[in-house]
Amino acid sequence: MEKVPMTAEGYRALDDQLKQLKSVERPSVIAAISEAREHGDLSENAEYHAAKERQGWIEGQIAEIEDKISRAQVIDVSKLDGDQVKFGATVTVVDEDTEEEGRYQIVGEHEADVKQGKISVASPIARAMISKEVGDVVEVNTPGGVKAYEILKVEWK
């Protein structure tokens, strides 16, 4: 069984999402199904069919999250250090063409959120940066062509 790397923060977020689905969403959809059944003929009852569809989605989400949690390899970033880029590192880079700086933390796939500066360990830029150090230049194939980034800083927090 393949392990799923994630930060402690990402694990907590998944666990919170699972608790929300099990304790709030699941009972809510069960109540909606029950109420829709009281309206009679189920074959033409749109509320019933929508609630059943939502129930299927919720149960799928629960199963998916439980699977990720069971395979989780939680990595405590605060205990990591070093000069090389690896999982959990927050890396500051500069685009060699535009001189634009970017700051990214390398996290598990389900934690990725570019708007928050979190990129998946499986993303092309993260894969290019892994094992590199400050001063190294990495080249990344993007839809717009090859981009070159210089690593300015590697932090652990």
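**Salt bridges and cores**

K19 and D15 both sit in helix α1 (residues 8–37), four residues apart, which is about one turn of the helix; helices (H or I, at least four residues) and strands (E, at least two) are DSSP runs numbered from the N terminus. This is a predicted model, in which local features need pLDDT of at least 70 and side-chain atom pairs count only at pLDDT 80 or more, while totals for chains, interfaces and linings use all residues. Residues are numbered from 1 along each chain as its sequence is written, and side-chain values use heavy atoms, with hydrogens and water left out.

The side chains of K19 and D15 meet in a salt bridge (3.1 Å, N to O), a term for a side-chain nitrogen of Lys or Arg within 4 Å of a carboxyl oxygen of Asp or Glu. By this rule the count comes to ten salt bridges. Another one joins the side chains of R54 and E25 (2.6 Å, N to O), and this pair links distant parts of the chain, with R54 in helix α2 (residues 46–70) and E25 in helix α1, 29 residues apart.

A further salt bridge is formed by D95 and K147 (3.0 Å, N to O); D95 lies in strand β3 and K147 in strand β7, so the pair ties together parts that are 52 residues apart in sequence.

Turning to the nonpolar cores, sets of buried Ala, Val, Leu, Ile, Met, Phe, Trp, Tyr and Cys residues joined through side-chain atoms within 4.5 Å, where buried means under 20% relative accessible area, exposed over 50% and partly exposed in between (1.4 Å probe, protein chains only), the largest has 17 residues, of which V85, V91, I106, M129 and I151 touch the most other members. Helix α3 gives the most to this core, with four residues.
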